[in-house]
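Trainee: Could we go through this structure together? I would like to begin with the sheet and then turn to the charged residues.

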Amino acid sequence: MAAAGTVRVRLFASLREQAGWGERQLPLQGCSSAIRCWQQLKLGGEALPAGIRVAINHHFASADSPVQAGDELAFLPPISGG
């Protein structure tokens, strides 16, 4: 669970490997939507790369979905399987 006034951000699979971390707390200020949080993380570009999915509190959401203090925000890369 995120600390008061923060958003818990989680990265999965290749995103976690590329960033070198899997979980961070971001202050809600400046992180009012999923895309704004992505931009705060400085993981590459102003827009989400193609295929990256967003989930807020374990539910898929759009990049412009708002986040609130205490939310868990996850970025998931494309998953391939067979």
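Trainee: In what sense do strand S3 and strand S5 pair, and over how many bridges?

Mentor: Strand S3 (residues 53–56) and strand S5 (residues 72–76) pair in the antiparallel sense, over four bridges. Two strands count as paired if DSSP finds at least two bridges between them. Helices (H or I, at least four residues) and strands (E, at least two) are DSSP runs numbered from the N terminus. Please note that this is a predicted model, in which local features need pLDDT of at least 70 and side-chain atom pairs count only at pLDDT 80 or more, while totals for chains, interfaces and linings use all residues. Residues are numbered from 1 along each chain as its sequence is written, and side-chain values use heavy atoms, with hydrogens and water left out.

Trainee: Which residue stands opposite Ala 55?

Mentor: Ala 74 in S5 stands opposite Ala 55.

Trainee: What is the strand order in the sheet?

Mentor: The sheet is open, has five strands in the order S2-S1-S5-S3-S4, and shows mixed pairing. Strand S2 (23–27) and strand S4 (59–61) each have a single partner strand, so one side of each is left without a neighbour in the sheet. From one strand to the next, the twist averages 30°. Such angles run from 0 to 180 degrees between N-to-C directions, with axes being lines fitted to C-alpha atoms, for helices over the stretch in contact.

Trainee: Which strands does helix H2 touch?

Mentor: Helix H2 (residues 34–41) packs on the sheet and touches strand S1 (6–11), S2, S3 and S5. The direction of H2 makes about 70° with that of S5. Contact here means heavy atoms within 4.5 Å.

Trainee: On to electrostatics: how many salt bridges does the structure hold?

Mentor: The structure holds four salt bridges, each defined as a side-chain nitrogen of Lys or Arg within 4 Å of a carboxyl oxygen of Asp or Glu. One of them joins Arg 8 and Glu 72, with the closest N and O atoms 2.8 Å apart. Arg 8 lies in strand S1 and Glu 72 in strand S5, so this pair ties together parts that are 64 residues apart in sequence.

Trainee: Are these two residues buried or exposed?

Mentor: Arg 8 counts as buried at 16% relative accessibility, and Glu 72 counts as buried at 11%.

Trainee: With which residue does Glu 23 form a salt bridge?

Mentor: Glu 23 forms a salt bridge with Arg 10, the closest N and O atoms being 3.7 Å apart. Glu 23 lies in strand S2 and Arg 10 in strand S1, so the pair ties together parts that are 13 residues apart in sequence. Arg 10 also forms a salt bridge with Glu 72, where the closest N and O atoms are 3.9 Å apart.

Key: Buried means under 20% relative accessible area, exposed over 50%, partly exposed in between (1.4 Å probe, protein chains only).
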